[in-house]
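Please read these notes with the model open beside you. They go from the overall fold to a single residue.

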Amino acid sequence: MSFASDTESALVSAAVLVNTARGGRELLPDQAALTALLDADNWTGRRDGTADELHAVQALRPRLLELWGVTDVDQAVVMVNALLEESGAQPRLARHDDLGWHLHVTADDAPLADRMAAEAAMGVLDLIRSGEFTRLRWCESDKCDAVLVDLSRNRSKRYCDTGNCGNRAHVAAYRARKSVR
Ligand SMILES: [Zn+2]
Ligand SMILES: [Zn+2]
């Protein structure tokens, strides 16, 4: 199963955002951290650079985290539909920079947190309608409470992408590849 690139990037972005609140730490403490996150993720559209905007994005994280917290798809559907409604989602096709036609879920001038909420909701929507909701999972490292989205063909992703866990898994995979060569 492979998903649309819109879906994949929306889900990865959602996981990255949720993981800025992992382990009881605040990894999105200020505007600079938010700007770095947005730039790393190639977010376009409106950015206010205000405290209100930062707080709205911070407050979105527990809402998105709930999607990883449920196993019942029907519950997830309620959450996704609520996020879409509250964020004023208006799906449309857009093209800019060197990207081809792709999905924008809200108007470009919608508040940042609303756009992030709507994008995440659309990503999860796509998982659910494909019968793939279980791809929202948690990192299997003992010392880690990060979330992940498993977009691998064979559902083999076990570790998050936040740093150590992913590196460890990567090193293990590299060794495994070398040993079969
Ligand atoms: Zn775009
Ligand atoms: Zn991890």
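1. Terms and source. Helices and strands here are DSSP runs, numbered from the N terminus: a helix is H or I over at least four residues, a strand is E over at least two. The structure is a predicted model, in which local features need pLDDT of at least 70 and side-chain atom pairs count only at pLDDT 80 or more, while totals for chains, interfaces and linings use all residues. Residues are numbered from 1 along each chain as its sequence is written, and chains are lettered from A and ligands numbered from 1 in the order in which they are written.

2. Order of elements. The chain has six helices and four strands. Along the sequence they run α-α-α-α-β-β-α-β-β-α.

3. Overall size. The C-alpha atoms fill a box of roughly 50 × 35 × 35 Å along the principal axes. The radius of gyration is taken over C-alpha atoms, and the globule rule is 2.2 Å times the number of residues to the power 0.38. For 181 residues, a compact globule would have a value near 16 Å; the chain has 17 Å, which agrees.

4. Burial. A residue is buried if 20 or more other C-beta atoms lie within 10 Å of its own, exposed if 12 or fewer, and partly exposed in between, with C-beta atoms placed from the backbone. By this rule, 28% of the 181 residues count as buried.

5. Helix 5. This helix covers residues 112-129. The expected span is 1.5 Å times one less than the number of residues. For its 18 residues that gives 26 Å, and the end C-alpha atoms are 26 Å apart, which agrees. Helix 5 is largely enclosed by the rest of the structure, because 15 of its 18 residues are buried. Just after it, G131 takes a positive phi of about 70°.

6. The core. A nonpolar core is a set of buried Ala, Val, Leu, Ile, Met, Phe, Trp, Tyr and Cys residues joined through C-beta atoms within 7 Å. The largest one has 38 residues; among those with the most contacts inside it are A14, M116 and V124. Helix 5 gives the largest share, eleven residues.

7. M116 lies in helix 5. M116 counts as buried, because it has 27 C-beta neighbours inside 10 Å. Leaving aside neighbours within four places in sequence, M116 is in contact with L17, V57 and L60.

Notes:
Two residues are in contact if their C-beta atoms, placed from the backbone, lie within 7 Å.
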